[in-house]
Amino acid sequence: MADNQYNEIAKEYEHFMPPLSEPMARALDAIRSPQADTRALSRLLMQDTILASKTFRLVNSPYFGSAQRQLASINKALLSLGAMKVKNIIITLVLQKLYDNDGPEDFFNHSIASATACEYIANEYKTINPDDAFILGFLKDIGMIILKSKHSDSYVNFYNNCKGDFEELLKIEEENYGITHSELGARLCEKWELPSILVDTVRYHHNPKLAKIPFAAGIVYIADRVVSIKPETMAVDSSVLDYLQVSLSDTAPAREKIMARADIFLKQLSDF
């Protein structure tokens, strides 16, 4: 398909791209900024008591190894965990409502599992910063929200019928809508003026060899398959592993650890 034809199709989805609420805008500003604006983060939490409660529940959870020390202020959390981890917590929580309300079934849970997997794999292979990897994994499928918003039940049916086989879903999206969730997600990231590594990774996480930053997209590609509920159909392409110079044999032990960590994250939010 020619680029201009692809752009025309993408224009049909612009009205279905989620607008930025004030909390979302402030949280996404945190992604754009390489430095932590602690005052902005503090203001954001002060203005939303539920967001603050969720943030400190996670900050003090076993997920971050903080169960034995209670951190009661954003400044202490920044010092203890580092700025990017706190940013990641706030971003995931601010987008949780959007994911839960407008995404496919269990979309938020799957996104947290993917984010945790990216963080884990980045730690294992030392390719990119694990905190950066977390947010890449969390945002990778955000284009699905746009497709569901425009096509409603038809997209939900396609999504459910694929049962976690996102390679099959990608083909169905292309055949039925002329565009994929990865392309729409990348365009949403551009609209939100997010860093180029996010745009590139969201666009190419199903084909990291085409990415400008293949290690970033590659980690998301691998993570997608490690947490898949259909590992027999979502196998890791050995040519991708060779291209990334990554060795990966049995994913079962990694999956077990990742899903256990993701469950800890989600359990902290179950009371809200």
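Predicted model: local features only at pLDDT ≥ 70, side-chain atom pairs only at ≥ 80, totals over all residues.
I take contact to mean heavy atoms within 4.5 Å. I number residues from 1 along each chain as its sequence is written, and side-chain values use heavy atoms, with hydrogens and water left out.

**Entry: glycine 185 and helix α12**

I looked up what glycine 185 touches. Not counting residues up to four places away in sequence, glycine 185 touches Ile142, Gly143 and Val202. Its place is in helix α12, residues 181-191. For helices I use DSSP runs of H or I with at least four residues, for strands runs of E with at least two, numbered from the N terminus. Glycine 185 has 0% relative accessibility and therefore counts as buried. The cut-offs are under 20% relative accessible area for buried, over 50% for exposed and partly exposed in between, with a 1.4 Å probe and protein chains only.

α12 is mostly covered, with 8 of its 11 residues buried. I list these as His181, Ser182, Glu183, Leu184, Gly185, Ala186, Leu188 and Cys189. After α12 comes glutamate 193, which has a positive phi near 60°.

**Entry: leucine 170**

Leucine 170 belongs to helix α11, residues 166-177. I count leucine 170 as buried because its relative accessible area is 16%. Setting aside neighbours within four places in sequence, I find leucine 170 in contact with Thr180, His181, Ser182 and His206. From leucine 170 to serine 182 the C-alpha distance is 8.3 Å, and the two are 12 residues apart in sequence.

**Entry: whole chain**

I counted secondary structure next: the protein has 16 helices and 0 strands. Of its 272 residues, 51% count as buried. Taking contacts between residues at least 6 apart in sequence, I find that 65% join residues at least 24 apart. The accessible surface is about 12800 Å², and 49% of this belongs to carbon and sulfur atoms. That area comes from the Shrake-Rupley method with a 1.4 Å probe; for residues, only the protein chains shown count as cover.

**Entry: helix α6**

I checked the length of α6, residues 83-102. With 20 residues at 1.5 Å a residue, α6 should span 28 Å, and its end C-alpha atoms are 29 Å apart, which agrees. The expected span is 1.5 Å times one less than the number of residues. I did find a kink of about 40° in α6, centred on leucine 95. The bend at a residue is the angle between axes fitted to the seven residues ending there and the seven starting there. Of the 20 residues of α6, 14 are buried, so the helix is largely enclosed by the rest of the structure.

**Entry: second largest pocket**

How much space lies in the second largest pocket? I have about 300 Å³. Its lining has 13 residues, of which Asp48, Lys54, Leu93, Val94 and Lys97 are the closest to its centre. A pocket here is an open set of points on a 1 Å grid over the protein atoms alone, where a 1.4 Å probe fits, with protein on both sides within 12 Å along at least five of seven lines; lining residues have an atom within 4 Å of a point. Grid points are joined across faces, edges and corners, and the volume is the space filled by probe spheres set on the points.

α2 (22-32), α4 (49-59) and α6 each supply at least two lining residues. The largest share, 5 residues, comes from α6.

Proline 23 lies in helix α2. At 31% relative accessibility, I count proline 23 as partly exposed. Beyond four places in sequence, proline 23 is in contact with Leu44 and Val94. Its C-alpha atom is 9.2 Å from that of isoleucine 91, 68 residues away along the chain.

Threonine 116 is in helix α7. I find threonine 116 buried, with a relative accessible area of 1%. Neighbours within four places aside, threonine 116 is in contact with Tyr63, Phe134, Ile258, Arg261 and Ala262.

**Entry: positive phi in loops**

Aspartate 106 is found in the loop between α6 and α7, and its phi is positive, near 60°. Serine 152, in the loop between α9 and α10, has a positive phi of about 50° without being a glycine. At 37% relative accessibility, I count serine 152 as partly exposed.
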